[in-house]
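Work through these exercises with the sequence and the model side by side. Try each task before reading its solution.

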Amino acid sequence: MAINIPKQWLPRIKVLVHLTALYPLINLYYSAIQDQLGGDPVEAVIHFTGIGALNLLVIGLLLTPVARRFQMGFLIQFRRMIGLYAFVYALCHMLNFLFFEVQLNLQLFVDEVFERPYITVGMTAFLLLIALAATSTKKLRQKMKGRWQTLHNFIYLVVLLVVIHFYWSVKSDIVEPLTYVTLFFILMAFRYKKLRRWGDKLFSRL
Amino acid sequence: MLIKSVAPGDCKEFEITDERVYLNRREIIKKMGFVGVGSLFASSAATAGIADLFGGSTAPAVFQQRALQFGAAEKFPETLTPEVKVTGHNNFYEFGIEKQQPAELSQGFKVDPWQLKISGEVENPLTLGYDDLYSSFPLEERIYRLRCVEAWSMVVPWIGFSLADLVKRARPTSRAKYLAFETLYDPAQMPGQKSRRMGGGIDYPYVEGLRIDEAMNPLALMSVGLYGKTLPPQNGAPIRLVVPWKYGFKSIKSIVGIKFVEKKPATTWNLLASREYGFYANVNPAVDHPRWSQASERRITTGGIFTQNRIPTLPFNGYGDQVGDLYAGMNLKKYY
C-alpha cells in the first residue's frame, strides 16, 4: 500500500526540513560566539557539526530504502536537500577546524591534513562531497546523464570514509563510532544488488 | 582571608554565565536533536535532565565545596582559566567520557569519609583520613599551567601541599624507586566504572605512576582545592596529583592509594594505547601524538570561538628550568 501525501504539503514539509536543519546550526554558532557552549566551544562546534553531517548522511541514505519499503515515493524528493545539508554541516565542520582549531595557521592545517590519517580520510570525504554538491543541480544531472549516477554513487564511499574518520578520531570511546559502522553496513545491505551491479560494471570497464 | 588580585584580562563576576544556564547547555543541544547515536544509550542519570523539562524541574544537588585556609600564590603573568571552565570541562572518565559529564554526574560524590593509604616500600606507612588531607601539611596556592594531551590547556590556581613532604613523612626505603597511584574504585558512585561505554573502555581503577625523583620535585603537588575552595568531584575531590610539566592524564584524581614500589608501575593510558601514551608523558612539542600535533595548544580562557588562543607548546610545559635535570641524558623521543 502506497503512502502518499497531498501535493500541496510538499513545500511546507520542505520549509520544515530547512528549519530543522538550519536552526541547530544558527543556535550553535550563536551560543559559541556568546561562550555558552561549555569549557571549550571550539571542540563543541567541531563535534556538533561533524556528528550532524554524519547523521544527515545516514538520514539521506535511509530515504530510498524507506521510500521503497513503504512506497512513500515523495521521500525521494528530499534526498538532494538532505544531501546538501550534509554538505553544509561538513563544510562548517571543516571551516571550524580551519578557523577555530588551527586558527588560520595554514601550514599547520596542511600538515595536519596530510600527517594525520583520520584527517586525511575526513578531507577526502569532504572533497568528494564538494563534487557531489557541485553537480547536484537538475541541469547538470540531465547534462551528465548516466555518469551523474556513477558519480553520485560515491556517496557510499563518503559515508564509509566519514565513519572511519570518526572511529580513528576518538581516544578510547569506540561504542559510538562502532554504532555508526553498524549503521553503515545496514544501509549498504539495503543496496546489495545495486552495489554488486555497480561493482560488476566498474570491473568490466577495467 | 582570600585576597584575589584581578588581572586586566580576568573574568569579571558579571561576565560569568549563570550556572543554571551553563549546566543546561547540553540539554539545549539535545533538544535541538543533533546528537550522536551514543546518546540513545545514555544512562537514566544522564537523561534525567530531559525528563525534568517535562515533569517539573528538580535541580540536581550541587556538591558543597568549602573555603580553605592557605598561603596565597604570587601573581601569575598569564590569564587564569575561569573557574566555571576549570570545573565544567573535565576529562574524568569515571564520570563519563564527554567533557561536561563529570560536572553533571559527580555532584552526589561522597568524599567524607575518605582514606588515602600510603604503603609499600616505606618505613612509616600511613593513612590519611578526610580531615587529615587538609591539616597534615600547610596548604599553599600554586598557579600552574595544565596541558592536556588533547592539545588544549588551562591555567589553574590549585591549593595543596608538596608531594615531597608526603614522601618524606613516609620515609621510603632504599628499594622505593617509583610511586604507584590509584583512584577510588566505586562503580556505585562512578557510572564510568559501572558501564564500559560510559567509561570509555578503560579498565578501572585508574592507575598512574611517577619515578621517586619526579615525586620529590618541588613542583609536584598534592592538590585538595582550587579557586580558594575544596576540589569539586569533577576535578578529583578530595585529593589529586598535579604534575604540571606532564600531560594532564598523569595528574590522577580522587586518590585512595600511593604505593612505593621497586619496579615501574603500570599506568592506565599506557596500558590502553602504549604507542600514544608513554609512562613519562612529559609535555614535549617535539614529539607528536600519533594522531595530532603537540607543537601548539589552544589555551582555554574566556571568550567564544573567535578568541584567538592558539599558542606554542613549551618543553615540559614551560617548567624546563625546574624539572629538566630529572631527564638529563634521556632520549625523550624514546621515553615519551
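**Exercise 1.** At what angle do the axes of helix H4 (residues 106-115) of chain A and helix H5 (residues 117-134) of chain A cross?

Solution. This is a predicted model: local features need pLDDT of at least 70, side-chain atom pairs count only at pLDDT 80 or more, and totals for chains, interfaces and linings use all residues. Residues are numbered from 1 along each chain as its sequence is written, while chains are lettered from A and ligands numbered from 1 in the order in which they are written.

Step 1: find the helices, which are DSSP runs of H or I with at least four residues, numbered from the N terminus; strands are runs of E with at least two. Step 3: the axes of H4(A) and H5(A) cross at roughly 95° and come within 5 Å. Step 4: H4(A) and H5(A) are therefore roughly perpendicular (65 to 115 degrees).

**Exercise 2.** Which residues make the contact of H4(A) with H5(A)?

Solution. Two residues are in contact if their C-beta atoms, placed from the backbone, lie within 7 Å. H4(A) brings A:Glu112, A:Val113 and A:Phe114. H5(A) brings A:Ile119, A:Thr120 and A:Met123. By type, four are nonpolar, one is polar and one is charged (nonpolar: Ala, Val, Leu, Ile, Met, Phe, Trp, Tyr, Cys and Pro; charged: Asp, Glu, Lys and Arg; polar: the others, Gly among them).

**Exercise 3.** How many residues does each chain give to the contact of chain A with chain B?

Solution. Chain A gives 35 residues and chain B gives 35 residues. On the chain A side, H2(A) gives the most, seven residues. That side divides into 16 nonpolar, 12 polar and seven charged residues.

**Exercise 4.** Which residues have the most contacts inside the largest nonpolar core?

Solution. Such a core is a set of buried Ala, Val, Leu, Ile, Met, Phe, Trp, Tyr and Cys residues joined through C-beta atoms within 7 Å. Buried means 20 or more other C-beta atoms within 10 Å of the residue's own. The core has 67 residues, and B:Leu179 and B:Phe181 have the most contacts inside it. Strand S4 (residues 152-162) of chain B supplies the largest share, six residues.

**Exercise 5.** What stands opposite B:Phe181 in S6(B)?

Solution. Strand S5 (residues 178-183) of chain B runs antiparallel to S6(B), with five bridges joining them. Four of the five residues of S6(B) (207-211) are buried. B:Glu208 stands opposite B:Phe181.

Terms used: Axes are lines fitted to C-alpha atoms, for helices over the stretch in contact, and angles run from 0 to 180 degrees between N-to-C directions. Angles under 35 degrees count as roughly parallel, over 145 as roughly antiparallel, 65 to 115 as roughly perpendicular and the rest as oblique. A residue is buried if 20 or more other C-beta atoms lie within 10 Å of its own, exposed if 12 or fewer, and partly exposed in between; C-beta atoms are placed from the backbone. Two strands pair if DSSP finds at least two bridges between them.
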